[in-house]
Amino acid sequence: MSDDTSRITQSEAQPPAPIEDDVHANWQRVVGRRSFLKGVGLVGAAALPGSALFTSEALARSSRITAGDIAILRFLAAAEEIETDLWTQYNELGGVNGGNPGYMAALGNLDGDMPQYIADNTDDEVSHVRFLNAYLRSQGARSVNLDAFRTLPSSKATGAKQIGRLTNLRALDVDTSWYTRYRSTRNPDFGAKFPQAVTIRNQPAIPLTDADTPPNLQAPVPPVSPQQSRLQAIANTAGFHFGFIEQGGASLYSNLALKVSSLEVLRIVVSIGGVEVNHFSVWHDKAGNAVAQPLAGVVDPETHVTFPDLNASGGEATQTNLIFPEPAAFLRRGLPDVSVIRPTSDHNAGAVAAVKSLTADGLFKGQSSRFFSTIMQLARAADAAHRHL
């Protein structure tokens, strides 16, 4: 980000010695401070009840930031920077102050408030990465900056800035199984698999050039011309991609919260994770409008991606207004089903799993091998963290 002058390299992405040194230095300051307090307050401390001493010691332990906490925060900072990059692209073209009227109109067919929601989601992600990096620096740890990897091209459509990007939104393979997963009573953490709600392959989620959004192109519902269908299919893809991105964040934050040692870091992870869940609930609702009447049936004439009427089957598995998670198995078999975020296991929802999911999405198409090495090392370090009691 602009407020961070450091650059992340491959070697920096590991749980490196400098970070451990920073933690060691912080710990030495804590030890020194506590030794001083003990020296000056020995009599008073001796007079405290044993339970009070135990509570103070427990609170001191819970406030310590560990190398694992730092690894978690560094990966989340990288993930939020990636999110910020993709949301910025959506915002430039389709946000409330976006510069592409045709795309904004097609997004508005999903919900009239879509441009405002896109702008607000973008602002949230910007605040997340800035806060996480500032907090890391406040703890004597290195912040994360992925600017060296902003090498992917922008859309050429009106409204898009011609700057390097971290992420690709021009040809996505969007995993839409999250849509059927949250309508199911099964849990992927128990091995369940889910079908795609819509098959979206090699499909843009933003207009590529002004050929996709020529001046004065209307966005009627349903679309009439092939060009209008193309634009609406692009907007519908974005609608499902929004949900895919934010449901992944909901699972990721839930998973990493279990590995945090410091109560303050736990507060950060849980509080930001709650916003990711809030984002997901909004986009889950809006995606359904792309596969319900009167928009249902849109076909992209170039890629042939089709958005069917998911209400046509009459079943709850795809009913578009069922956006709250169905109760499902959780923790272990034999307990009652419960409505929860899922998945949350390391295998399905950890940092490495998140990188693999975004890679399969096509989000990093065109990125360098050094980028993948860097982000995977950050992910492995986060997954390796464990809670210190």
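This is a predicted model: local features need pLDDT of at least 70, side-chain atom pairs count only at pLDDT 80 or more; totals for chains, interfaces and linings use all residues.
Residues are numbered from 1 along each chain as its sequence is written, and side-chain values use heavy atoms, with hydrogens and water left out.

The secondary structure of the protein comprises 12 helices and two strands, where helices (H or I, at least four residues) and strands (E, at least two) are DSSP runs numbered from the N terminus. Along the sequence these elements follow the pattern α-α-α-α-α-α-α-α-α-β-β-α-α-α. Of the 389 residues in the protein, 50% are buried, a term that denotes under 20% relative accessible area, with exposed meaning over 50% and partly exposed the range in between (1.4 Å probe, protein chains only). Among contacts (heavy atoms within 4.5 Å) between residues at least 6 apart in sequence, 77% join residues at least 24 apart.

Helix H4 (residues 67-94) and helix H8 (residues 226-257) have axes that come within 12 Å and cross at roughly 170°; the axes are lines fitted to C-alpha atoms, for helices over the stretch in contact, and the angles run from 0 to 180 degrees between N-to-C directions. H4 is therefore roughly antiparallel to H8, given that angles over 145 degrees count as roughly antiparallel, under 35 as roughly parallel, 65 to 115 as roughly perpendicular and the rest as oblique. On the H4 side the contact is made by Ile72, Phe75, Leu76, Glu80, Glu83, Leu86, Trp87 and Tyr90, and on the H8 side by Ala238, His241, Phe242, Ile245, Glu246, Leu252, Tyr253 and Leu256. The residues of this contact divide into 12 nonpolar, one polar and three charged, with Ala, Val, Leu, Ile, Met, Phe, Trp, Tyr, Cys and Pro counted as nonpolar, Asp, Glu, Lys and Arg as charged, and the others, Gly among them, as polar.

Aromatic pairs were assigned to rings of Phe, Tyr and Trp (its six-membered ring) with centres within 6.5 Å, planes under 30 degrees apart counting as stacked, over 60 as edge-to-face and the rest as tilted. By this rule the count comes to 17 aromatic pairs. The rings of Trp87 and Phe242 have centres 4.7 Å apart and planes at 35°, so this pair is tilted; it links helix H4 to helix H8 across 155 residues of sequence, and both Trp87 and Phe242 are buried. The pair of Phe364 and Phe372, with centres 6.1 Å apart and planes at 80°, is edge-to-face; Phe364 is buried at a relative accessible area of 2%, whereas Phe372 is partly exposed at 25%. One aromatic cluster is formed by Trp178, Tyr179, Tyr182, Phe240, Phe280 and Phe307.

Most residues other than glycine have a negative phi, and most peptide bonds are trans. The peptide bond from Gln293 to Pro294 is cis, with omega near 10°, and Pro294 is placed in the loop between helix H9 (263-288) and strand S1 (298-299). A cis bond also joins Arg342 to Pro343, with omega near 5°, in which Pro343 belongs to the loop between strand S2 (306-307) and helix H10 (346-349). Leu331, found in the loop between S2 and H10, has a positive phi near 70° and is exposed, with a relative accessible area of 62%.
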